[in-house]
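Please look through the sequence and the coordinates below; the briefing that follows takes up salt bridges and strand pairing in turn.

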Amino acid sequence: MDVKLNITDTRKISKKLNKTTQRIQKNAVSTLKKMKSVEQKLFQQLQKKNSQAGVGGAVIDSLYNVQLQKIQSLSDKTSGITDYFPSLDSLQTGLAFIEKTGKQLPVDQLKNLQLLSGNISGLQQQLNAANQLQTFLAERKNQLRQYVANSSLAKEWKRVNKEVYYYQQQLGVYKELLKHPDKAVEKLIDVLREQPAFRQFMANNSQLAQLFRLPGQSTNSSAAGAVTGLQTRAGVSQLLQQQFPGQGITDPTAYFQQQIGAAQAEMNQWKEKLNQLGGGSSDLVMPDFKPNQQKTKTFLQRIEWGLNIQSQRPNGLFPVTSELALMAGYKLNDKSTVGLGAAYKMGWGKNFSTIKITHQGVGLRSFLDIKLKGSFWITGGYELNHQQEFNRLDELKDLNAWQRSGLIGLSKKYSIGKKKGNLQLLWDFLSYGQVPRTQALKFRVGYNF
């Protein structure tokens, strides 16, 4: 049996898994430190009101230091997995398959496979530790609730609630990404699935096979037998017959599938009602505050790119011009975006009979968008514009040729399918002191991508 694996793919997968592990750990450590600081401040204020309230600062330090050690060193390596991801299971089982049944691999390929296997195990251990931390934070939140229930520490309690909520949300984002493997992972799994022996090996040795009998699973497989500590099929069937006499339950699997199906149908009805109420994904934990949906996104995910277009009619000094501006905005939260941009102004000539492409100017922009209501936003900005025609970049060094613009106005954001755009009407309140004087009102059409 000869399995041909792309070394570049295995390295790419290893790097991505390791990066995800580091992000989960970094998020956990950051949350622990914030929660520790918040709880210590909360404890100090409680002590001022009641010297017997809460727990001591040393106890708080000890509690959080234990959790921090678990996250950083993974000293508490729990057996089994707390989250199941099919792609990780297939990868891990595939690597074991190659090690057991494959021919002698080249040293460089063997090292990459060992590194990949180690990164998968490390990610699973980090997920287990993160889930334990999630439980710990929920317990601390419930305990703190008792201390602040009859106090005026609503602001401090809100900070605790936010930290716990955002940690759960961020962890959920990472798990969701792992549910959707990239092309490199899918390609590697497809290579393995081409081997008939791998399918049999997967049915007998995967993580899923340790809990359930899978199609094609060997009856001699250790996974095919009863898992230690769990009821056998016959035992479950007998127990169900005793609990529900007269219903003729002979196949516990079919019975449970029927019950789960009914429960799932009812759950879907509740999800649909929540969605109709505007709750979004009904699987999310509903907070008692309005969350910032941008907080759980990475820096790049919060960047919004845009293109603005503006044209001006000719006058005694300028020809017909079109201004193109590339903008990059950073979403501070769901209701405000701050950004920078650069613009290039191109001249077309004075009329259709005298079309001539010229370089009429460049500009540097900054802007702030604040949501007003619905799809309307308040837009403000400060710009520096070079309004003179130029032929060489050296001509832009003349600072006297740059004019200032102060803008304030409204933006209308719209969506057509997956495409997003905006219309802007802006007032340049610094235009009246410019020489030569430019238009005070600016109408711009923008596109986001």
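**Salt bridges and the barrel in a predicted model**

K36 has a relative accessibility of 21% and therefore counts as partly exposed, where buried means under 20% relative accessible area, exposed over 50%, and partly exposed in between, with a 1.4 Å probe and protein chains only. This is a predicted model, in which local features need pLDDT of at least 70 and side-chain atom pairs count only at pLDDT 80 or more, whereas totals for chains, interfaces and linings use all residues. Residues are numbered from 1 along each chain as its sequence is written, and side-chain values use heavy atoms, with hydrogens and water left out.

- The side chains of K36 and D61 form a salt bridge with an N to O distance of 3.4 Å, the term being used for a side-chain nitrogen of Lys or Arg within 4 Å of a carboxyl oxygen of Asp or Glu.
- This pair links distant parts of the chain, since K36 belongs to helix α1 (residues 7-49) and D61 to helix α2 (residues 57-73), 25 residues apart; helices (H or I, at least four residues) and strands (E, at least two) are DSSP runs, numbered from the N terminus.
- D61, with 26% relative accessibility, likewise counts as partly exposed.

**The buried network**

- By the same rule, the count comes to 9 salt bridges, and E323, R365, E383 and R444 are linked in a network of them.
- R365 and E323 form a salt bridge in which the closest N and O atoms are 2.7 Å apart.
- Because R365 lies in strand β4 and E323 in strand β2, this pair ties together parts that are 42 residues apart in sequence.
- R365 counts as buried at 5% relative accessibility, and E323 is buried with a relative accessible area of 9%.
- E383 also forms a salt bridge with R365, with the closest N and O atoms 3.4 Å apart; E383 is in strand β5 (residues 376-386) and R365 in strand β4, 18 residues apart.
- At 4% relative accessibility, E383 counts as buried.

**The barrel**

- In the order β1-β2-β3-β4-β5-β6-β7-β8, 8 strands close into a barrel with antiparallel pairing, two strands being paired if DSSP finds at least two bridges between them.
- Strands β2 (residues 320-333) and β3 (residues 336-349) pair in the antiparallel sense over 13 bridges, and they form a hairpin with 2 residues between them.
- The bridge partner of T321 in β3 is G347.
- Strand β3 is also joined by 13 bridges to strand β4 (residues 355-373), the two running antiparallel, and the bridge partner of A342 in β4 is L364.
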